[in-house]
Amino acid sequence: MTDPTFPIRCRNLWKIYGPGAAALAATHAPGPDPETLASRGLLAALRDVTLDIGKGEVFVIMGLSGSGKSTLVRCMTGLVPPTMGDLLIDGENLRDMSPDRLIEIRRHKISMVFQDFALLPHLTVLGNIAFPLKVQGIDRESRERRAAELVELVGLAGRESHFPHELSGGQQQRVGIARSLITNPEIWFLDEPFSALDPLIRHEMQDELMRLQATLNKTVVFITHDFDEAIRIADRIAIMRGGRVVQVDTPEGLVLAPADDYVAAFTRKIPRHRVLRVASVLGPVSAGATGDPVRNTALVGDVAARVLAADAPLPVVDGGGTIVGSLDRQSVIGTVFGVNA
Ligand SMILES: Nc1ncnc2c1ncn2[C@@H]1O[C@H](COP(=O)(O)OP(=O)(O)OP(=O)(O)O)[C@@H](O)[C@H]1O
Ligand SMILES: [Mg+2]
């Protein structure tokens, strides 16, 4: 059952809220229909969610308010028991775990950053960051030494003895991030961690997250409402609607092939040149293409200036240096303004 390349696997996961939910689930496998739920006054926060999250992947969950994003992540962290279905962490089914094993996983393997920071007001920056190690029973000197390293890592040096109320929102969230990393978790959950921050600080925190991820290489599950944030950080994005996952794809895949009108509407505002790669918009190999070639995997936005400044189309090459097509101004302009594929 263990598949190390997919640390998280959800299989036909349901979470139904309301009286008699468990009994209903027992008699309505593989899942109740919407009429049955409505007639009993039950709410399905998750409906038949099946997905795999890869090792080292940054997996973003998006969807309107109430679509089930936090419920999904709370199930993955063992905070909320699913009503039906399986949730496997490194091949271990959460449902079959003893309470002790679940505590162990939550202390060592996974960690979470909350939207509202959730810092302990009576502890200093250092005390807050070291807290998960205190819970593990690690001695004060060792945990504070490790906390001091994380203070450096998240750029809070000099503020170790401040209390949360003496920090800005961005600084508080840096404490939350450092605290979530102190146990060196393999899987890192973040539920709208930057939504309380103003746009500039938010951008800075996204850079910080990407910088940390580049060195730490965790499996990251990140909830956001913000497409700009999602396309900056995501390897893949899951779009949720009414408790269902309607599509899981790369940002480019969502834009090029939305599964339905809802995803199409959801992704309409994404700037296409920031998600489409040259391979999706190139023209045929052309004798007239000259100059330094562009890579087929580059984002159109990253090569746009060069193409627009050139007198002729540029050749496009694959990873092996073979010419696979050409890129002209019209394709770039069409991508920026959303008028071609
Ligand atoms: N403990 C609970 N009891 C009853 N219903 C709940 C409970 N928790 C969540 N819900 C309902 O489940 C649905 C999904 O909630 P969830 O918090 O997962 O949404 P979300 O996508 O995270 O929304 P938001 O973007 O606002 O955070 C909502 O309709 C919510 O009201
Ligand atoms: Mg939520």
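Predicted model: local features only at pLDDT ≥ 70, side-chain atom pairs only at ≥ 80, totals over all residues.

Reader: What makes E12 and E13 a pair, then?

Author: The cut-off is at least two bridges, and E12 and E13 have four, so they count as paired. One bridge joins valine 317 to isoleucine 323 in E13. The hairpin has five residues between the strands, and glycine 321 there has a positive phi near 85°.

Reader: Which strands make up the open sheet, and in what order?

Author: Four of them, in the order E2-E1-E4-E5, with antiparallel pairing. Inside that sheet, E1 (residues 8-17) and E4 (residues 84-89) share five bridges, and arginine 11 stands opposite aspartate 86 in E4.

Reader: What makes E2 and E5 edge strands?

Author: Strand E2 (43-53) and strand E5 (92-93) each pair on one side only. Helix H3 (residues 69-76) lies across E1, E2 and E4, and runs at about 60° to E2.

Reader: Why is leucine 120 called partly exposed?

Author: Buried means under 20% relative accessible area and exposed means over 50%. Leucine 120 has 24%, which falls in between, so partly exposed is the label. Leucine 120 is in the loop between strand E6 (110-113) and helix H5 (125-135). Leaving out residues up to four places away in sequence, leucine 120 touches Asn128, Phe131, Pro164 and Arg179. Its C-alpha atom is 8.9 Å from that of phenylalanine 163, 43 residues apart along the chain.

Reader: How do you know that the length of H8 agrees with what a helix should span?

Author: Helix H8 (residues 199-216) has 18 residues, and at 1.5 Å a residue they should span 26 Å. The end C-alpha atoms are 25 Å apart, so the two agree.

Reader: And what puts the buried residues of H8 on the same side?

Author: The buried residues are Arg202, Met205, Gln206, Glu208, Leu209, Leu212 and Gln213. They cover an arc of only 160° around the axis, so they sit on the same side of H8. Leu200, Ala214 and Thr215, on the other side, are exposed.

Reader: What do the buried residues of H8 pack against?

Author: Quite a list: strands E3 (58-63), E7 (187-191) and E8 (219-223), plus helices H6 (140-153), H7 (169-181) and H9 (227-233). After H8 comes asparagine 217, with a positive phi near 50°.

Key:
Residues numbered from 1 in each chain as written. Chains lettered and ligands numbered in written order. Heavy atoms only, no water. Helix = DSSP H or I, 4+ residues; strand = E, 2+ residues; numbered from the N terminus. Contact = heavy atoms within 4.5 Å. Axes fitted to C-alpha atoms, helices over the stretch in contact; angles between N-to-C directions. Buried < 20%, exposed > 50% of the residue type's maximum accessible area, 1.4 Å probe, protein only. Expected span 1.5 Å × (residues − 1). Arc of directions from axis to C-beta.
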